[in-house]
Amino acid sequence: MSREFVLTLSCPDKVGIVYAVAGFLADRDGNISDSQQFSDPGSGRFFMRVQFHAHTTVDQLRADFGPTAAPYNMDWQLHDLAVKPRVLILASKQGHCLNDLLYRFRSGALRGELTAVASNHLDWAELTESSKVPFHHLPLTPDTRANQEQRLLDLIAADRIDVVVLARYMQILTDDFCAKLPGQIINIHHSFLPSFKGAQPYHQAYERGVKLIGATAHYVTAELDEGPIIEQETARVDHAMAPSRLIATGRDLESTVLARALSWHLDHRVLLNGHRTVVFR
């Protein structure tokens, strides 16, 4: 039976990479349905995503691809699209991104398996459980941070989580936690940083008369809100919009941008390029 796979790779740019990949797939009767590539003159690296059908298994492909990858010093991954990435959502008291993602998973718009939602508050337990998704209450105080993060890591290990989504989770993850999950945590926040920090950023923006507001989705690193950006979006606003309207517009942007970023990650369309990303849409 034919199965569908995705191969992603990056390596130093040189002649023959596409030829080598295409030859590898042709030798195994692989039928390419989509292929995208990008050569970055700044870093000198080549990036590629190939989606294809073949009559084999992902384990066999992984075992066979090594000799093709080695001469080009490729960083590569092979994925069986029949295997859905497993997702954990973290939320706090703002539920707009969580509610949006719950609907998208329930409707099949996101190609992943939502295994659980965890929160340091109980506000969204009923909403989560109404979607037939397990809810974990993990309260947090300054004195219990280490214990709470260990409970999170235990949950991630037990549920075999592939990606953690911070759906307006208003707690700063420790450097140690972030280091354990490189490229596996996605965050969303408003795009006023660093201009309007702290509480009530939309009120601060209103007082300064901003004309554009936005949202940013990025991978989480030890550098707060400075991880590689996956997606951004903006909306025009004007003097007639009160802070409440700015907040409502911002919530819509945050929900949309986070869903896009997660969708691309689940479809293996995002490749890291140093502190930046290459996104094959």
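The model is predicted, so local features need pLDDT of at least 70 and side-chain atom pairs count only at pLDDT 80 or more, while totals for chains, interfaces and linings use all residues. Residues are numbered from 1 along each chain as its sequence is written, and side-chain values use heavy atoms, with hydrogens and water left out.

Follow S6 (residues 113-119) to find its parallel neighbour S7, joined to S6 by three bridges. In one of these, Ser119 has His137 in S7 as its partner.

Now turn to the second largest pocket. Its lining has 25 residues, and Thr8, Gln77, His79, His265 and His268 lie nearest its centre. Here a pocket is an open set of points on a 1 Å grid over the protein atoms alone, where a 1.4 Å probe fits, with protein on both sides within 12 Å along at least five of seven lines; lining residues have an atom within 4 Å of a point. Strand S4 gives the largest share of this lining, five residues. Because domain 1 (3-80) and domain 2 (86-279) both contribute lining residues, the second largest pocket lies between them; the domain bounds come from an automatic or database assignment.

Key:
Two strands pair if DSSP finds at least two bridges between them. Helices (H or I, at least four residues) and strands (E, at least two) are DSSP runs, numbered from the N terminus.
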